[in-house]
Amino acid sequence: MATTTSTIAPPATPETQAQEQSVTASTENLLYPEGFTFFHNRIFHRFQSYEEERKFRKLHHAAALRWLGSQGYGNEGAGGHMTVRDPEFHDHFWINPFAKSFSHLTPDDLVLLNDKGVVVGGNMHQVNPAGYYIHSAIHRARPDVHAVVHMHTIAGKAFSAFGKELEMWNQDCCQFFEAHTVFPAFDGFVLAADEGEAIAKALGPTNKAIILQNHGLLVVGRSPDGAAFTFGALERCIEAQFKTESLAQLSGFKPVKVTPEMARGVKQYYVDEFQYLTFQPA
């Protein structure tokens with residue numbers, strides 16, 4: 001009587017799962033704080049082609065825009081724009097069409113621009129020139145950045161008039177500790193390449209956000225989801241700062257700031273994977 005044998009695969013271990021799953025878009029690696037593993041390897045995907053990755057990025061780009069619209073962040077007429085770098089042509093990026101409601105955008109609505117600002121793919125629709133000048137300069141200066149969000153929000157515009165950085169009044173503010181700055185000049189609409197380059201230079205090589213004085217907010221991220229999360233977080237931190245300082249003035253009590261050491265320790269957990277995951281319930 002013939003016998004058969006079967007081979008049973010050994011059980012998966014965290015190490016083998018990491019080898020199989022620990023990949024990011026375009027095979028990039030993220031840097032994690034030491035010991036930061038409680039949801040490691042759950043988020044990013046392996047793509048079989050540029051087209052598959054492009055479809056994924058555009059889907060998440062459109063979803064992020066719709067969420068931004070649902071928060072009232074894209075309701076300043078034709079102002080506000082979000083871009084996502086193309087996975088194959090790194091000097092090209094996708095952007096929302098000019099004067100179209102964020103709340104109803106789909107991946108098919110997105111417009112592909114080349115490095116000269118020419119519409120070369122996707123929805124062959126006009127775009128906001130300021131979106132090209134600002135975002136193209138940032139994408140060139142920051143190869144680590146795949147998504148850029150700029151909006152004229154109510155709290156952001158109000159806070160930008162002061163030309164100062166956030167105060168570390170609470171835990172959520174800590175993600176911006178030593179990771180945001182202020183662009184202190186306002187020259188009207190950004191309609192020239194040198195103005196966009198000045199903003200990109202002020203943003204610097206590592207900051208995740210910049211407050212454009214008398215203008216609004218701008219954030220960057222490694223994914224559309226992460227950038228949208230960071231933008232919403234910055235707007236809400238500003239709203240919380242207004243309330244904290246107003247309550248302090250009314251009550252006469254002095255609020256307590258997070259210490260620099262503690263803020264620096266909290267900030268290390270706000271890696272892009274955390275931002276991506278936190279945005280998913282939106």
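User: Which residue forms a salt bridge with R54, with the closest N and O atoms 2.9 Å apart?

Analyst: E88 does. A salt bridge needs a side-chain nitrogen of Lys or Arg within 4 Å of a carboxyl oxygen of Asp or Glu. The closest N and O atoms of E88 and R54 are 2.9 Å apart, so the pair qualifies. This is a predicted model: local features need pLDDT of at least 70, side-chain atom pairs count only at pLDDT 80 or more, and totals for chains, interfaces and linings use all residues. Residues are numbered from 1 along each chain as its sequence is written, and side-chain values use heavy atoms, without hydrogens and water.

User: What makes E88 and R54 a tie between parts of the chain?

Analyst: E88 sits in the loop between strand 1 and strand 2 (93–95), R54 in helix 2, so the pair ties together parts 34 residues apart in sequence. Helices (H or I, at least four residues) and strands (E, at least two) are DSSP runs, numbered from the N terminus. Salt bridges with shared partners join E51, R54, D86 and E88 into one network.

User: Why is R54 called buried?

Analyst: Buried means under 20% relative accessible area, exposed over 50%, partly exposed in between (1.4 Å probe, protein chains only). R54 has 10% relative accessibility, so R54 counts as buried.

User: Is E51 buried, partly exposed or exposed?

Analyst: E51 has 48% relative accessibility, so E51 counts as partly exposed. E51 also forms a salt bridge with R54, with the closest N and O atoms 2.8 Å apart.
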